[in-house]
Amino acid sequence: MSIALHDTFVRELPELALRWQAEDAPDPTLLVLNEALAAELGLDPAWLRSPDGVRLLAGVAVPAEATPVAQAYAGHQFGGFVPRLGDGRALLLGELLDTAGRVRDLHLKGSGRTPFARGGDGLAAVGPMMREYVISEAMHALGIPTTRSLSVVATGRSVYRETELPGAVLARVAASHLRVGSFQYASLVAQQTKDVGVLRRLADYAIARHHPSCAQAAQPHHALLEAVMDVQADLVAQWMLVGFIHGVMNTDNMTISGETIDYGPCAFMEAFDPETVFSSIDHGGRYAYGNQPGIALWNLARFAEALLPLLDEDTDRAISMAEGSLGRFRDRYQSRWDEGMRAKLGLAGAPPEQADALGRDLLVVLQANGVDHTSFYRRLAEAARGDAEPVRGEFVDLAGFDAWLGRWRALEPDPVAMDAVNPVYIPRNHLVEEALAAATDGDLGPVDTLLSAVRSPFQVRPGLERYAEPGRQEFSATFRTFCGT
């Protein structure tokens with residue numbers, strides 16, 4: 001089988017790409033293959049499982065016409081600006097046209113050092129790559145825009161972190177890998193060369209690839225700013241509704257497409273608490289669950305700064321345009337959050353003012369009682385069917401919850417609608433760690449079972465009871481996630 005990999009990014013934006021090759025893999029072995037995604041891309045799963053296919057997925061045997069590149073970008077990392085980040089351990093192999101006619105990136109993670117590696121080894125271990133595979137599949141099944149994982153290939157090379165670990169390469173598929181950091185880098189180039197050409201070409205490329213309607217606007221680059229703001233407001237609202245914590249919302253991890261990218265120190269919140277942090281490197285809680293909407297707006301402000309030269313030749317007018325657009329973010333986010341919460345509560349047809357007030361009041365009650373954010377809504381649906389005891393059993397302050405429950409029941413919630421949007425199964429942190437540890441030791445059974453659960457998150461299935469329950473409180477209180485670099 002031949003695979004057609006296009007190179008529009010490197011041809012149109014050579015200033016943001018460095019041609020590079022993946023390091024050799026001594027013994028590439030396929031650990032997991034996303035056959036459904038392969039079919040969506042028009043790729044033959046049987047061929048991908050062959051020796052030639054596995055070598056492609058490891059990056060060591062790409063088509064002769066392909067142009068693998070490490071992409072250049074800048075970024076604010078935990079608030080501090082780094083002018084030259086780039087793909088230190090990743091490569092864009094090229095672009096594919098999927099069966100629906102959409103352009104998709106085929107990208108590798110853990111494929112070896114590039115000139116952007118800044119002292120890192122450029123490699124990845126089985127565990128972190130399997131984490132991205134599992135959680136990105138869960139996000140896709142939840143209907144949340146996300147990059148997706150095509151495969152994890154063991155390289156046969158050891159990776160050294162705290163201990164010696166088996167190495168792996170992840171093959172990732174995305175609408176593109178354009179980020180806010182890409183625009184920050186192009187803006188720096190424009191400042192240094194006194195020429196906005198590369199910034200303009202990048203903006204036009206982003207419009208053509210992700211937001212084509214912007215091309216028809218009176219001011220296309222202003223329309224691009226607003227389009228990216230809208231998709232990011234929608235995305236973060238969806239994260240918040242399912243309790244997802246990204247963990248490293250740096251500007252180089254915010255996509256122009258509106259897809260979730262980079263599943264490093266991410267996790268799902270269990271006991272509801274806006275201050276929840278899992279990332280081992282987020283010492284100040286910058287990227288805590290409750291801070292994510294504000295951080296998204298902060299990142300978008302950096303995007304707007306990069307775009308200023310394209311908005312208007314007069315800097316003051318450009319700033320005024322950007323501020324006006326950014327001022328819409330909170331309303332857009334709040335609208336999507338309120339709409340999603342009404343759906344979770346089965347109140348889509350209720351008066352919005354009453355339903356939204358119930359949603360706000362509920363969060364106070366959940367936090368005060370340390371209630372699990374996921375299982376609560378499924379048990380609440382049973383209360384709408386007439387059995388309130390399972391959900392009441394979650395609360396210490398029964399009087400407080402009962403008062404809220406009475407107001408909610410008075411609006412006649414729809415339990416069927418609730419079950420359609422509230423998952424039974426998410427990648428519970430203790431189960432993810434259990435599966436990754438087993439995979440590191442060569443046992444893929446727990447990963448397979450976890451994937452089976454999270455790929456059909458809304459359907460209760462016998463035999464998966466433990467996948468619907470939170471971890472022990474002792475585990476959750478001390479759980480930390482790591483980047484894997």
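This is a predicted model: local features need pLDDT of at least 70, side-chain atom pairs count only at pLDDT 80 or more; totals for chains, interfaces and linings use all residues.
Student: Why is α5 called oblique to α17?
Tutor: The axes of α5 (residues 126-141) and α17 (residues 429-440) cross at roughly 130° and come within 9 Å. Angles under 35 degrees count as roughly parallel, over 145 as roughly antiparallel, 65 to 115 as roughly perpendicular and the rest as oblique, so α5 is oblique to α17. The crossing is right-handed (the near helix is turned clockwise from the far one by less than a right angle).
Student: What makes the contact between α5 and α17?
Tutor: Contact means heavy atoms within 4.5 Å. On α5 the residues are V126, G127, M130 and R131, and on α17 they are V432, E433, L436, A439 and T440. They divide into five nonpolar, two polar and two charged, with Gly counted among the polar ones.
Student: How do you know that β8 pairs with β9?
Tutor: Two strands pair if DSSP finds at least two bridges between them. β8 (residues 148-160) and β9 (residues 164-174) have nine, in the antiparallel sense, so by that definition they pair. S158 stands opposite P166 in β9, and the two strands form a hairpin with three residues between them.
Student: Which sense does the pairing of β2 and β8 have, parallel or antiparallel?
Tutor: Antiparallel: β2 (residues 29-33) and β8 pair over four bridges, and V32 stands opposite V152 in β8.

Conventions
Residues are numbered from 1 along each chain as its sequence is written. Side-chain values use heavy atoms; hydrogens and water are left out. Axes are lines fitted to C-alpha atoms, for helices over the stretch in contact, and angles run from 0 to 180 degrees between N-to-C directions.
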